[in-house]
Amino acid sequence: MTVKTNTIADVLIVEDELVTANALSDVLSDLGYKVLAIVDSSDSAISLIHQSIRQKLPDIILMDIKLRGKDSGITATNEIHKIAPIPVIYLTAFSDPETLELAIATSPYGYLTKPLRYAEVNVAIMLALKKHNEEIILQEALDKEKELHILKSRLLAMASHEFSTPMSVIRLLIWKLQNFEEQLTKESRAKNLASIQSAIKDINWLLEEVKFIACSESGKFPFNPENVDAITYCQQLVDSFQTEDSAKKCRIKFHSQGQCQKLRFDKKLLWHIFMNLISNAIKYSYEGGTIDVEVVCKTKQLFLSVCDHGIGIPKEYLNNLFLPFLRAENVGNVKGLGMGLYIVKQAVEAHSGKIAVESEVNMGTKFTVVLPSADSL
């Protein structure tokens, strides 16, 4: 909820003295405020707020304490605050300690006694709106900090779990090489060393992902564009996936078109985009499948598409696909932090680019990324 920062605001007047209410309404209108309604009872005020919750809530309520009916303005304020955190200023002829104590318990933004001095009402409204705005900003900052803390805690827990697998592989294979060196054939040693290198590569990948997330969430997100021959670079990244093991899982077909030498992108962010999309395509492809990767450069833009023919993404996940830790129910035992597409989205937006996805369960998924060259922004 964002409150206006100037004096123009939407006001609800809750007052059972019609002459007083109309006079106050006229003065507020002359001062530039918009009076949404005048009601004379607690029930009417609560009912109006219920009706307004789906349309337009008042920015502030001027509330008389003594109202028509059995319930007071204090009761109305308590009930309204259960619906929405609207600031309330009390207008009352009562200033006895008991009434004041009950009113203060509702955390009002002001308490003015009758007869009203309209200049004081105006100042009270301005101060209340300013205070409420500051409280909203503070609460949003606290909520963001809380979300960040939860994100980091979950990331740390998941990263620790993901790190344990390659670390265990490295420890086991080193022990094997140290204790059974004489019994191992040349081919076995080479295979063990290749497995160690693969595990180290997995650890480096995880470290890059964690570093990226830490930077983006701390607000110190780096964007360092440079001249990149995107077609050559993406071809090299595809080649890095063409290991013997990955070739057994699926085949990557690379297509390119255009000239990219003079386009400017952040090479590290391009790495995150490309590697995560290809990695996901491999993970979620069926055995023996094909992944089509296309890179096209034209009119100071890079067009990248990655299309697999694997398990696909259920429709209900598509709208929230780029949220952190989201993993669809059909991924089974495929490992991952659930952060890859979140990272891709951040890297694309850093380039002021766009990303789109098309997917059908058991048919496959296609991601399309458009990145404008930094010199065209």
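For residue classes I count Ala, Val, Leu, Ile, Met, Phe, Trp, Tyr, Cys and Pro as nonpolar, Asp, Glu, Lys and Arg as charged, and the others, Gly among them, as polar. This is a predicted model, in which local features need pLDDT of at least 70 and side-chain atom pairs count only at pLDDT 80 or more, while totals for chains, interfaces and linings use all residues. Residues are numbered from 1 along each chain as its sequence is written, and side-chain values use heavy atoms, with hydrogens and water left out.

Entry, pocket. By class I noted 7 nonpolar, 4 polar and 2 charged residues in the lining. Helix α5 (residues 118-179) gives the most to this lining, with 4 residues. Helices (H or I, at least four residues) and strands (E, at least two) are DSSP runs, numbered from the N terminus.

Entry, parallel sheet. I found an open sheet of 5 strands in the order β2-β1-β3-β4-β5, with parallel pairing; two strands pair if DSSP finds at least two bridges between them. Which strands stand at the edges? They are β2 and β5 (110-113), and each has a single partner strand, so one side of each is left without a neighbour in the sheet. The twist averages 20° from one strand to the next; axes are lines fitted to C-alpha atoms, for helices over the stretch in contact, and angles run from 0 to 180 degrees between N-to-C directions.

Strand β1 (residues 10-14) pairs with β2 (residues 34-39) over 5 bridges, and I13 stands opposite I38 in β2. With helix α1 (residues 18-30), these two strands make a right-handed β-α-β unit; right-handed means that, with the strands pointing away from the viewer, the path from the first strand over the helix to the second runs clockwise. Strands β3 (residues 60-64) and β4 (residues 88-92) pair over 4 bridges, with I61 opposite V88. Helix α2 (residues 42-52) lies across β1, β2 and β3, at about 135° to β2; contact means heavy atoms within 4.5 Å.

Entry, mixed sheet. A further open sheet of 5 strands has the order β7-β9-β10-β12-β11, with mixed pairing. Its edge strands, β7 (250-257) and β11 (354-360), each pair on one side only. Here the twist averages 10° from one strand to the next. β11 and β12 (residues 364-372) run antiparallel and are joined by 7 bridges; I355 has V369 as its bridge partner in β12. Helix α9 (residues 267-283) packs on the sheet, touching β7, β9, β10 and β12, and its direction makes about 20° with that of β10. Helix α7 (residues 230-241) lies across β7, β9 (289-298) and β10 (301-307), and runs at about 175° to β7.

Entry, backbone. Most residues other than glycine have a negative phi, and most peptide bonds are trans. The peptide bond from K114 to P115 is cis, with omega near 0°; P115 lies in the loop between β5 and α5. T299, in the loop between β9 and β10, has a positive phi, near 40°.
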